[in-house]
Amino acid sequence: MPRPRAATAVTFTILAALVAWTWLRSNSAGEGVVLLLDGGRAWGVGSVEGQILLTATDIKFGPHRAWSAETFSVPLNEINALRAVLLDDGKGGTRGRWNFAAHAGQTERLGTGKSWAGTLGLPHWLLITLLLIPPALYLKTRLARRNQIRAGRCATCGYDLRASADKPCPECGSQEHLAPAANAPTP
Ligand SMILES: [Zn+2]
């Protein structure tokens, strides 16, 4: 497995924090982005009450709207009414277990005549967990390498460096154990 880079770990941590922020906000309003594709075909991403909604439709708002996007923020009752239409399982359930839900089909309830809509509902925590995998791998690798160096071994190949701690590794040439930061506590 390639070594995760620090920049990757930081980027994914920031993304996870943004999703967590969205999750918090999802309890006071419904927020999201509507993407208008070819011919103004509307797709959307929404966030409401701990659930991320990914919706694809065949509704077209016309070529003048094509290839644009707009954000929205609406009261909870408004987005809940929309969610009920998008995720209606026929039994009135829209949340599913742990906020997982999916529904696709023709409907006339979107107010645009007969149209097709497919929606996937996912919990925010799932996305956050997935986004935190690269930072966790990065930390794990970093700690393992630091422990190798502390044990007097080369962080790259494990060669015993106790007799030559002030030189690059004779086995693989790694200089990681010479870096002043190598033994400093991780911030
Ligand atoms: Zn080495």
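**View A. Packing of helices H1 and H3.** In this predicted model, helix H1 (residues 6-25) packs on helix H3 (residues 124-131) at about 170°, with the axes 9 Å apart. Axes are lines fitted to C-alpha atoms, for helices over the stretch in contact, and angles run from 0 to 180 degrees between N-to-C directions. H1 and H3 are therefore roughly antiparallel (an angle over 145 degrees). H1 contributes Phe12, Leu15, Ala16, Val19, Ala20, Thr22 and Trp23 to the contact; H3 contributes His124, Leu127, Ile128 and Leu131. Contact requires C-beta atoms, placed from the backbone, within 7 Å. Helices (H or I, at least four residues) and strands (E, at least two) are DSSP runs, numbered from the N terminus.

**View B. The open sheet.** The sheet has 6 strands in the order S4-S1-S2-S3-S6-S5, with antiparallel pairing. Pairing requires at least two DSSP bridges between two strands. S4 (68-74) and S5 (101-107) stand at the edges, each with a single partner strand, so one side of each lacks a neighbour in the sheet. Strand S1 (residues 30-36) pairs with S4 over 7 bridges. Gly30 stands opposite Val74 in S4.

**View C. Surroundings of Ala117.** Ala117 lies in strand S6 (residues 115-123). Ala117 counts as buried because 23 C-beta neighbours lie inside 10 Å (the cut-off is 20 or more other C-beta atoms within 10 Å). Leaving aside residues up to four places away in sequence, Ala117 touches Thr55, Thr57, Leu86, Thr107 and Leu110.

**Notes.** Residues are numbered from 1 along each chain as its sequence is written. In this predicted model, local features need pLDDT of at least 70, side-chain atom pairs count only at pLDDT 80 or more, and totals for chains, interfaces and linings use all residues.

Key:
Angles under 35 degrees count as roughly parallel, over 145 as roughly antiparallel, 65 to 115 as roughly perpendicular and the rest as oblique. Two residues are in contact if their C-beta atoms, placed from the backbone, lie within 7 Å. A residue is buried if 20 or more other C-beta atoms lie within 10 Å of its own, exposed if 12 or fewer, and partly exposed in between; C-beta atoms are placed from the backbone.
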